[in-house]
Amino acid sequence: MNKFLLTIFLIQFTICATAQYQVAQHPKTPGFYTNPIFAGDYPDPSILRDGDNYYMVHSSFEYYPGLLIWHSKDLINWKPVTNALHKKVGSVYAPDLVKYKNKFYIYFPANGTNYVVTADSISGQWSEPVDLKIGNIDPGHITDEQGKRYLFFSDGGFVPLSDDGLSTAGNQKSSYKGWPIPRNWSIECFCLEGPKLIKRGGYYYVTVAEGGTAGPITGHMVVSARSKSLSGPWENSPYNPIVRTTEQSEKWRSKGHATIIDDVKGNWWMVFHAYEKDFYNKGRQTMLLPIEWTKDGWYKVPAGISDSKPIRKPDLASSKTNFNLNDNFAGHKLKSQWQFFEELDTNRFKLANNSLLVKSKGNTIGNSSPLLCIPEDHSYTVDVEVLIEGKATAGLALFYNSSASSGILANNEDIVADLRGWRAPAEKNVVNNHVFLRLKNVENTVDLYYSKDGVKWNKIENSFEVSGMHHNVLSGFLSLRIGLCSIGDGKVTFKNFRYTPIK
């Protein structure tokens, strides 16, 4: 082969090799997944493997019913199982899902104390919350060699538990002090959080978050340490921080609150949460990364793996997810996507005849305790049909908290835009107790529509922008959610809820 032909061959080979690499990196390539595995507000993930089944639970904050448990066979596709919390106990966050002697437990903080709920079957009836009567936050469960049970907390201390796990059995003892963060790093605070523990070989391993949950994108991080005793001393990992955002250009920010787990094939994984660049209002989304163990007994993310690029899927049994937000309200109970804000009054709503009837409450979107669900996409439309009784006002809104929301409202005659609490009349005498409402959110700019027949849609004058509706602006660790509102004195019936992603 002469030099000219050799050169042509090498060029063609390089082009083909590059093309194959690019195909392998494409998000839709079989055998690969892209983060997040939970799009939308699914913070503080706690994961449990039970045989070849994987279960996960997240913080549920002020949304009730709370502690929605998810199931998967492959760590990528997840289906809702049941809510483990039906009694309001305050803002619920940083839970730990564990199994001990064929019983399931979820430990979680709320209202200045820590609680536990239990069940014999993960999909069965969960108990009423039991108050452990101990302060601190972010409980992490572990058993020692003798089978004794303990809870670690966000300050690095731990307390012994009774054998049944329903009470403490002694005083809290100091243990892990954390990994010292370099002073020149931009962080929100030191803030040791979310201890999750495992036993592997001769060591206990603790995985924690440090640096603050939000604030600077470089703050929140994953840190690991090990010890031969729960009392310490603890040796910090030479690979700390295991995961951390370091550049402004990164898609995923404020990465932290991790749990590590092995799969049935012996591979190891880390779930954690992160904010998305330009879409902080989606809340903290659940991420998945592979980890590997070094010869000297530490874990780390393998070289070349990035949370913003496609990653090879776990070689596990598939469990395709058919879960979506569309709802004809045909069942005998609310679908698991729905949660009321700051209340759970089962006497307030009724499902019948493919409809959801909700008694009216309050005089604003904020104090009406709207029914909420989590959008997954950057851009989407939402439609719902409403029937209005009495002096009620129906609403379709984007809701962060009781002080921050916007949407489109309809009373028995008029269409009204509600922009951050300012109500602007949009169309008069077009409702007649029955109307269709629509939100169209395109990259955080939201247009509002109504229809008399569900076919011809009329855009009103008013639009709003929602990119700033997130924790770094408004606090609260919440997210922007889609809300169905029944406001005033009367009743609103909702029918045919439709969520359509805009790609």
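Guide: Cysteine 189 and cysteine 191 form a disulfide in this predicted model, with their sulfur atoms 1.8 Å apart. A disulfide is a covalent bond between the sulfur atoms of two cysteines. The link of cysteine 189 and cysteine 191 is left-handed, with -110° about the S-S bond. Cysteine 189 has a relative accessible area of 24%, so this residue is partly exposed. Cysteine 191 also counts as partly exposed, because its relative accessibility is 28%. The count of disulfides comes to one.

Cysteine 485 is in no disulfide. Cysteine 373 counts as buried, at 0% relative accessibility, and cysteine 485 is buried with a relative accessible area of 1%.

Now to the charged side chains, beginning with the salt bridges. Their count comes to 16. One of them joins glutamate 235 to arginine 226, at 3.4 Å from N to O. Glutamate 235 is partly exposed, because its relative accessibility is 40%, whereas arginine 226 is buried, because its value is 8%.

Another salt bridge is formed by glutamate 250 and lysine 255, whose closest N and O atoms are 2.9 Å apart. Both glutamate 250 and lysine 255 are buried.

Lysine 265 and aspartate 315 meet through their side chains in a salt bridge of 3.5 Å, N to O. This pair links distant parts of the chain, 50 residues apart. Lysine 265 is in the loop between strand S19 (252-262) and strand S20 (268-276), and aspartate 315 is in the loop between strand S23 (311-312) and strand S24 (339-341). Aspartate 315 counts as exposed, at 59% relative accessibility.

Aspartate 41 is found in the loop between strand S1 (32-33) and strand S2 (46-50). With a relative accessible area of 3%, aspartate 41 is buried. Its side chain makes a polar contact of 3.1 Å with the side chain of serine 479. Beyond residues up to four places away in sequence, aspartate 41 touches several residues, among them Tyr63, Lys282, Arg284, Ile374 and Arg481. The C-alpha atom of aspartate 41 is separated by 9.8 Å from that of alanine 274, which is 233 residues away along the chain.

Aspartate 418 lies in strand S30 (residues 415-419). This residue counts as buried, at 3% relative accessibility. A polar atom of the side chain of aspartate 418 is 2.9 Å from the backbone nitrogen of glycine 421. Leaving aside neighbours within four places in sequence, the contacts of aspartate 418 are with Ile365, Ser405, Ser406, Gly407, Leu409 and Arg423.

Technical notes
Residues numbered from 1 in each chain as written. Predicted model: local features only at pLDDT ≥ 70, side-chain atom pairs only at ≥ 80, totals over all residues. Heavy atoms only, no water. Salt bridge = Lys/Arg side-chain N within 4 Å of Asp/Glu carboxyl O. Buried < 20%, exposed > 50% of the residue type's maximum accessible area, 1.4 Å probe, protein only. Helix = DSSP H or I, 4+ residues; strand = E, 2+ residues; numbered from the N terminus. Contact = heavy atoms within 4.5 Å. Polar contact = N/O pair within 3.5 Å; in protein donor to acceptor, adjacent residues only side chain to side chain. Disulfide = S-S within 2.5 Å.
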